[in-house]
Amino acid sequence: MASPAKIAQQFARQLFSVSVIDGVVSAERVVGVLEFVEKHKVANPVMVLKAYHRLIAIELAKSIALVEHAGAINQTTLSAIEAAMSRKYGRAVKATAQANASLLAGMRVHVGDDIYESSVAGQLAALAASV
Amino acid sequence: MSTVLEQIEQQIAKLSNKAVKKNTGNIRTVADGVAKIDGLSDVMYNEMVQFPGGAIGIALNLEEDEVGCVILGDVSLLKEGDEVTTTGRLLSVPVGKALLGRTVDALGQPVDGKGPIDSKETYPVEKIAPGIIVRKSVSQPLFTGIMAIDSMIPIGRGQRELIIGDRGTGKTTITIDTIINQAKINKVGLASGDKNFRPVYSIYVAIGQKNSNIVRTISALEAAGALEFTVIVAAPAGDNPANQYIAPYSGAAIGEWFMENGMDALIVYDDLSKHAVAYRQISLILKRPSGREAYPGDVFYLHSRLLERAARLDGKGSLTALPIVETLAGDVSAYIPTNIISITDGQIFLETDLFNQGIRPAVSVGLSVSRVGSAAQIKATKQVGGKLKGELAQFRELAAFAQFGSDLDAKTKAQLDRGSRIVELFKQPAFAPLPIELQVAVLFAMQKGFFDPVEIKKIGEASASLKSFFTTRKEPLLTEVRTKAALDKDLEAKLLAACEEWKSSYTA
């Protein structure tokens with residue numbers, strides 16, 4: 001017999017699959033899922049919701065380009081990044097900026113579990129690794 | 001100073017200004033040398049992943065929303081949430097002649113304190129074994145220097161011969177003897193200046209062994225002058241199971257490089273029972289379904305893909321494999337032994353009873369076999385020892401029956417007497433391999449009845465005297481046997497005359 005964690009994981013996956021329409025997380029469906037879990041006696045609800053949260057967070061991260069930057073960044077650059085990433089991933093990607101002085105210069109863009117490194121800190125780290 | 005700065009500037013310039021794409025994940029759990037990772041959506045099966053702090057891992061389980069990785073290196077610094085990146089590369093180890101004489105870990109990094117290894121090339125640890133077309137059948141001998149093996153269970157270059165037996169029966173000793181013998185042959189061959197001579201380089205892979213045992217092996221090889229032709233790959237018992245799992249494949253990669261570059265190599269896996277245990281541990285932690293004796297379903301493939309890499313390639317070199325398997329209470333029908341017996345081209349079975357009776361090497365003639373080696377045996381050995389295996393097997397059977405009664409006919413008594421002499425003759429001390437020409441001379445003397453007048457207890461002494469006689473006084477004759485590799489009438493006459501000469505001088 002499968003463990004409770006495994007059952008919760010499987011159930012969370014089912015909930016996740018009904019929350020996505022055309023590859024995009026639907027806010028309405030998520031609300032519906034939460035209401036369903038609240039109304040019905042779901043086994044291990046905390047475990048299910050944690051697993052569901054994780055799956056939704058992973059999916060949402062694919063539609064957000066987190067742009068870490070050192071120094072100023074203008075809206076034109078952000079729009080250009082949004083357009084490039086949307087083209088690359090075939091879905092609407094929204095860019096959000098976050099200042100990070102430790103990059104020294106340049107920027108680092110996170111989309112899902114991909115990272116596009118174009119910072120001085122990243123280049124120095126690569127240099128250190130290659131020596 | 002400015003040159004140094006220029007070098008750094010050039011290196012910086014090399015690093016393009018373009019954005020570098022990395023695929024990352026985060027450690028979800030880490031336990032017993034295995035990490036479960038969120039993310040890594042682009043990771044490939046068996047791909048090397050980079051953990052913080054320099055540790056690397058191999059992606060073994062690609063699941064729907066997580067990746068299971070074995071970690072090679074120090075796991076103590078890793079924690080939940082740490083970032084892991086893909087490398088786009090398969091695990092590779094340094095290869096080449098620079099590794100000879102060195103002891104390396106499962107990743108090919110030196111652990112002998114002799115400084116860095118100047119190796120220019122790397123080779124993938126996991127590689128598909130050579131196919132049918134590129135292979136050539138085994139036809140060149142690989143002499144172990146052990147008379148019982150070279151005459152009855154011969155091994156050829158490119159063969160896989162399993163060495164199996166209980167603990168403490170001399171399995172490792174046989175392989176060390178073989179490595180020492182290759183070094184001796186290499187030295188003679190290289191000194192002769194023969195352009196057609198092909199040296200055999202050895203790789204000894206220690207899996208799950210005590211560090212003290214590995215040190216003893218290295219010392220034995222060093223004392224015999226064999227270390228300069230040998231690479232030691234050490235994944236001792238204290239290493240994490242991932243290192244023990246990967247070590248034989250690293251050794252195979254090092255050996256394969258010799259084979260692919262037109263050289264001959266010998267690889268010893270000591271031992272594959274512990275390798276299977278390490279893999280079982282990893283599989284259980286990765287929550288893979290377990291089967292018989294809790295081993296995962298692919299434990300056969302684990303060893304078959306490793307041993308299939310031993311081959312003789314057409315127009316290139318060869319890789320001969322001597323895997324070792326430890327049995328419990330002599331049970332060869334256990335899971336791992338039967339798997340490996342079916343993969344290999346024969347096995348040398350060592351018996352505890354024989355070992356305790358002082359018959360060393362304790363080779364069981366009845367259960368040992370070499371399926372392809374006879375094609376590689378030189379004609380001279382076939383001529384002098386062709387019937388030995390049958391005679392010895394018959395002797396063992398008769399000896400068992402003879403215990404029940406003393407009333408034996410003359411023929412049986414003669415057979416028992418001859419058998420006892422062969423057994424005594426095959427006794428050989430550890431780390432003292434015999435050159436093939438000397439083996440031929442001893443077996444020739446035995447075949448012609450020169451040991452018949454000698455008391456059975458003194459056969460060893462007489463054999464030592466004969467060997468010493470040949471090495472000190474008949475060196476040209478031995479060289480002739482070695483170069484001709486077959487006994488013609490002239491050579492037989494010379495050997496007979498030499499044996500007569502020894503007989504006249506020998507007093508028991």
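Visitor: How many residues of chain A are in contact with chain B?

Guide: In this predicted model, 12 residues of chain A are in contact with 14 residues of chain B. The size of an interface is often given as the accessible area lost when the parts come together; here the contacting residues are counted instead, with C-beta atoms within 7 Å as the criterion.

Visitor: Which elements give two or more residues to the side of chain A that touches chain B?

Guide: They are β6 (114-119) and α5 (120-130) of chain A. β6(A) gives the most, with five residues.

Visitor: How do the residues on that side of chain A divide into nonpolar, polar and charged?

Guide: Five are nonpolar, four are polar and three are charged.

Visitor: In which sense do β6(A) and strand β1 of chain B pair, parallel or antiparallel?

Guide: The pairing of β6(A) with β1 (residues 20-31) of chain B is antiparallel and extends over four bridges. Within β1(B), B:Asn23 stands opposite A:Asp114.

Visitor: How many helices and strands does chain B have?

Guide: Chain B has 16 helices and 16 strands. Its radius of gyration is 26 Å, close to the 23 Å that the globule rule gives for 508 residues, so chain B is as compact as a globular protein of that length. Along the principal axes, its C-alpha atoms fill a box of roughly 85 × 60 × 40 Å.

Visitor: What share of the residues of chain B count as buried?

Guide: Of its 508 residues, 47% count as buried. As for contacts in chain B with a separation of 6 or more, 72% are between residues 24 or more positions apart.

Definitions and conventions. Residues are numbered from 1 along each chain as its sequence is written. Chains are lettered from A and ligands numbered from 1 in the order in which they are written. This is a predicted model: local features need pLDDT of at least 70, side-chain atom pairs count only at pLDDT 80 or more; totals for chains, interfaces and linings use all residues. The radius of gyration is taken over C-alpha atoms; the globule rule is 2.2 Å times the number of residues to the power 0.38. A residue is buried if 20 or more other C-beta atoms lie within 10 Å of its own, exposed if 12 or fewer, and partly exposed in between; C-beta atoms are placed from the backbone. Two residues are in contact if their C-beta atoms, placed from the backbone, lie within 7 Å. Ala, Val, Leu, Ile, Met, Phe, Trp, Tyr, Cys and Pro count as nonpolar, Asp, Glu, Lys and Arg as charged, and the others, Gly among them, as polar. Two strands pair if DSSP finds at least two bridges between them.
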